[in-house]
Amino acid sequence: MTTETTPGSRERLLEAAAALTYREGVSVGVDALCKAAGVSKRSLYKLFESKGELLAASLEERTSEHVTALFPEADDSRPHRERILHVFEQTEAQASDPDFQGCRYLAVQIELKDPNHPASRAARRIKENLTAFFRAEAEQGGANDPDLLARQLMLVFDGAGARAGIKADTHAGLVIPTVTTLLDAANMH
């Protein structure tokens, strides 16, 4: 292992944190993170104030990848209803991957329990962005109560992801009809 902070050390730590915490949870040890990244603890603490800061940075680093994988393109001109359904179609496709373990952002919040933990705050911001997307699309699509619809969609998103992540259920034939029912009930077009 190297004791120097090389240019790639930060990136390797971020990648190791993303991979290990998704697979094993946030309780993964600093030793395991350093070993996976090929860096020393000294290097980790030179780059990040704490393991919590590393986890938060790792989550934030994955945000654009997460958004790209889920959200429709900004210039997507489909109706707002279809833009919301796109998110759930993408989620359904991700859930079919045998390595899928649910939403990493929800898992962090559940595991940490502490809403003030740096990684929990980062995860909450990312989840709030998804809620804001649902709310904006609902409002622009004429939903009766955009706030309520956004909250309902988050409930389905998180619940379906959690159930698929623990292999208790699949999304197939369940999520899209559920979301469609919610959109219809909200008079969403």
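Colleague: How are H7 and H8 oriented to each other, and why would you describe them that way?
Modeller: Bearing in mind that this is a predicted model, the axes of H7 (residues 104-112) and H8 (residues 118-140) come within 9 Å and cross at roughly 140°, and H7 and H8 are therefore oblique to each other. The crossing of this pair is left-handed.

Colleague: Which residues of H7 and H8 meet?
Modeller: From H7 there are Tyr 105, Leu 106, Val 108, Gln 109 and Leu 112, and they meet Ala 119, Ser 120, Ala 123, Arg 124, Ile 126 and Lys 127 in H8. Sorted by class, the residues of that contact are 7 nonpolar, 2 polar and 2 charged.

Colleague: And what about H8 with H9, at what angle do they pack?
Modeller: H8 and H9 (residues 146-165) pack at an angle of about 130°, their axes being 8 Å apart, so H8 and H9 are again described as oblique to each other. The crossing of H8 and H9 is right-handed, whereas that of H7 and H8 is left-handed.

Colleague: Which residues make up that contact?
Modeller: On the H8 side they include Lys 127, Leu 130 and Phe 134, and on the H9 side Leu 149, Leu 153 and Phe 157 are among them. By class, this contact of H8 with H9 has 9 nonpolar, 1 polar and 5 charged residues.

Colleague: Which element gives the most to the lining of the largest cavity?
Modeller: That is H7, with 4 residues. The lining includes Arg 104, Ala 107, Val 108 and Glu 111, together with others such as Tyr 22 and Leu 55, and the elements that give two or more residues to this lining are H1 (9-24), H4 (51-61) and H7. The lining residues divide into 6 nonpolar, 2 polar and 2 charged.

Colleague: What lines the second largest cavity?
Modeller: Its lining is made of Thr 63, His 66, Val 67, Phe 71, Ile 126, Asn 129 and Leu 130, with H5 (63-70) and H8 each supplying at least two residues.

Note on methods: Residues are numbered from 1 along each chain as its sequence is written. This is a predicted model: local features need pLDDT of at least 70, side-chain atom pairs count only at pLDDT 80 or more; totals for chains, interfaces and linings use all residues. Side-chain values use heavy atoms; hydrogens and water are left out. Axes are lines fitted to C-alpha atoms, for helices over the stretch in contact, and angles run from 0 to 180 degrees between N-to-C directions. Angles under 35 degrees count as roughly parallel, over 145 as roughly antiparallel, 65 to 115 as roughly perpendicular and the rest as oblique. A crossing is left-handed if the near helix is turned anticlockwise from the far one by less than a right angle, and right-handed if clockwise. Contact means heavy atoms within 4.5 Å. Ala, Val, Leu, Ile, Met, Phe, Trp, Tyr, Cys and Pro count as nonpolar, Asp, Glu, Lys and Arg as charged, and the others, Gly among them, as polar. On a 1 Å grid over the protein atoms alone, a cavity is a set of points where a 1.4 Å probe fits but cannot get out, and a pocket is an open set with protein on both sides within 12 Å along at least five of seven lines; lining residues have an atom within 4 Å of a point.
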